[in-house]
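Welcome! Take a moment to look over the sequence and the structure below, and then we can walk through them together.

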Amino acid sequence: MKVYFYGPETNRRDLEADYAIIRKALKRADVWLSSNTERQEVDLPAEEREQAEALQQPLLETMDAIVINGTHSDQQAGYLVAFAITTKKTTLFLYKRGTVPDLFRHLTAKAVPKWVH
């Protein structure tokens, strides 16, 4: 399984620690993990990268799922949720318990499809 994990850029140590825990959990699940929070953002088999390049297909489209840390969401998080909704890509949107992310203040529960959790 190929997963893309996105976390907004931050200097906050608590969020960086959260990112590390999330990456560790995903890697433990034996997935190919690509993330904007790591030095090497793309971690995919070479043949898949070459195939996507030959088809001029964005690498994000080759992912099986997306995980977004949306505690402090930004425009990129909004783009990824919109991408997930339009492409029916399974997505997990993480945020701190007891808060409502800004992104979801503008959407009703009915507007969020079942493949976005």
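## The sheet

An open sheet is built from 4 strands in the order β2-β1-β3-β4, with parallel pairing. Strands here are DSSP runs of E with at least two residues, helices are runs of H or I with at least four residues, and both are numbered from the N terminus; two strands pair if DSSP finds at least two bridges between them. At the edges are β2 (32-35) and β4, each pairing on one side only. Neighbouring strands are turned by 20° against each other on average, direction ignored. Such angles run from 0 to 180 degrees between N-to-C directions, using axes fitted to C-alpha atoms, for helices over the stretch in contact.

Parallel strands β1 and β3 are joined by 4 bridges. Phe5 has its bridge partner in β3, namely Val67. Helix α1 (residues 13-28) packs on the sheet and touches β1, β2, β3 and β4, where contact means heavy atoms within 4.5 Å. The direction of α1 makes about 160° with that of β3.

## How the model is read

This is a predicted model, in which local features need pLDDT of at least 70 and side-chain atom pairs count only at pLDDT 80 or more, while totals for chains, interfaces and linings use all residues. Residues are numbered from 1 along each chain as its sequence is written, and side-chain values use heavy atoms, leaving out hydrogens and water.

## Two nonpolar cores

A nonpolar core is a set of buried Ala, Val, Leu, Ile, Met, Phe, Trp, Tyr and Cys residues joined through side-chain atoms within 4.5 Å. Buried means under 20% relative accessible area, exposed over 50%, and partly exposed in between (1.4 Å probe, protein chains only). The largest core has 13 residues, and Tyr4, Tyr6, Leu60, Ile68 and Leu80 have the most contacts inside it. At least two residues each come from β1 (2-6), β3 (65-69) and α3 (75-87), with α3 giving the most, 4 residues.

Apart from this core lies another, of 10 residues, including Leu15, Leu26, Val31 and Ala65.

## A look at Thr91

Thr91 sits in strand β4 (residues 90-94) and is buried, with a relative accessible area of 1%. A polar atom of the Thr91 side chain lies 2.9 Å from the backbone oxygen of Lys89. Leaving aside neighbours within four places in sequence, Thr91 is in contact with Ile66, Ile68, Ala84, Trp115, Val116 and His117.

Note on methods. Polar contact = N/O pair within 3.5 Å; in protein donor to acceptor, adjacent residues only side chain to side chain.
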